[in-house]
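Biologist: Hi! Could you walk me through this one? I'd like to start with how the strands pair up.

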Amino acid sequence: KTKNLFLMKTNFFKATILTLITIFTISCSKDDDEKKVETPITKATIILKKTNGDFVPGIVVYAYDQSKWEVIGDNPTFADGQASSDANGNAVFSNIEYTNSFNDLNNNQNTFRFSAHYSLNGVNKTKVTAITFTKGEQKIQNVILD
């Protein structure tokens with residue numbers, strides 16, 4: 001009788017623990033799903049065009065955050081990122097949230113310089129445009145290569 005009572009208590013204890021673990025797991029995963037908020041990623045699209053409106057493919061565009069630009073200037077070796085323009089002239093920076101680009105110190109806002117290096121009639125040229133982003137924004141900027 002004592003042995004049966006001991007087995008019943010042990011089985012009841014195991015069942016209780018298993019039930020609690022199951023409830024805890026289900027409740028935690030539900031909370032985690034609710035906390036997952038899709039925040040948009042900061043994205044830039046630079047559209048390169050000729051003066052006649054034609055798109056310019058195959059041009060590398062470099063991205064620099066403001067602090068790096070102020071110290072280093074337009075030096076592709078130290079660019080935060082780079083993208084090459086496609087057949088429609090689009091140089092897409094799908095995520096410019098580089099290390100420390102957006103933080104509490106800059107209120108999650110930063111200015112990026114985008115620099116296109118190209119050749120026109122045998123002359124090497126550079127065209128730079130600046131865009132200010134708040135973290136999560138997606139912006140498009142047209143740049144005329146003249």
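Modeller: Happy to. Two strands are said to pair if DSSP finds at least two bridges between them. Keep in mind that this is a predicted model.

Biologist: Good to know. Which residue in β3 is the bridge partner of A63?

Modeller: That would be G81, in β3.

Biologist: And how many bridges join β2 to β3, and do they run parallel or antiparallel?

Modeller: There are 4 bridges between β2 and β3, and the two strands run antiparallel.

Biologist: While we're on β3, which residues sit on its covered face and which on the uncovered one?

Modeller: G81 and A83 make up the covered face of β3, while Q82 and S84 are on the uncovered face. As a general point, side chains in a regular strand alternate between the two faces of the sheet.

Biologist: Let me step back a bit. What pattern does the protein follow along the sequence?

Modeller: Reading along the sequence gives α-β-β-α-β-β-β-β-β. That is 2 helices and 7 strands.

Biologist: What share of the residues count as buried?

Modeller: Of the 146 residues, 28% count as buried. If you look at contacts between residues at least 6 apart in sequence, 59% of them join residues at least 24 apart.

Biologist: Now the core. Which residues of the largest nonpolar core touch the most other members?

Modeller: This core has 20 residues, and the ones touching the most other members are I46, L48, V61, F93, F114, F133 and L145. At least two core residues come from each of β1, β2, β4, β5 and β6. β5 gives the largest share, with 4 residues.

Biologist: Pick L48, then. What does L48 touch, leaving out residues up to four places away in sequence?

Modeller: Its contacts include V61 and L145, which are also on that list of core residues touching the most other members. L48 also touches D54, F55, V56, I59, S85, G89, A116 and V143.

Biologist: Switching to charges: how many salt bridges does a search of the whole structure find?

Modeller: The search finds 4. One of them joins K68 to D80, with the closest N and O atoms 3.0 Å apart. K68 is in helix α2 and D80 is in the loop between α2 and β3, so this pair ties together parts that are 12 residues apart in sequence.

Biologist: Is K68 buried, partly exposed or exposed?

Modeller: K68 is partly exposed, at 25% relative accessible area.

Biologist: Which side chain does E97 meet in a salt bridge?

Modeller: E97 meets K135, at 3.4 Å from N to O. E97 sits in the loop between β4 and β5, and K135 in the loop between β6 and β7, so the pair links distant parts of the chain, 38 residues apart. E97 has 26% relative accessibility and counts as partly exposed, and K135 is partly exposed too, at 43%.

Biologist: Where does E137 come in?

Modeller: E137 forms a salt bridge with K139, where the closest N and O atoms are 3.6 Å apart. E137 is partly exposed at 30% relative accessibility, and K139 is partly exposed at 29%.

Biologist: Last topic: which residues form a nonpolar patch on the surface?

Modeller: V71, I72 and F78 form one, with about 290 Å² of accessible area together. V71 lies in helix α2 and is exposed, with a relative accessible area of 71%.

Biologist: And what does the accessible surface of the protein come to?

Modeller: About 10000 Å², of which 54% belongs to carbon and sulfur atoms.

Methods
Residues are numbered from 1 along each chain as its sequence is written. This is a predicted model: local features need pLDDT of at least 70, side-chain atom pairs count only at pLDDT 80 or more; totals for chains, interfaces and linings use all residues. Side-chain values use heavy atoms; hydrogens and water are left out. Buried means under 20% relative accessible area, exposed over 50%, partly exposed in between (1.4 Å probe, protein chains only). A nonpolar core is a set of buried Ala, Val, Leu, Ile, Met, Phe, Trp, Tyr and Cys residues joined through side-chain atoms within 4.5 Å. Contact means heavy atoms within 4.5 Å. Patches are made of residues with over 30% relative accessible area and no salt bridge: like charges are joined within 9 Å, nonpolar side chains (Val, Leu, Ile, Met, Phe, Trp, Tyr) within 5 Å. Accessible areas come from the Shrake-Rupley method with a 1.4 Å probe; for residues, only the protein chains shown count as cover.
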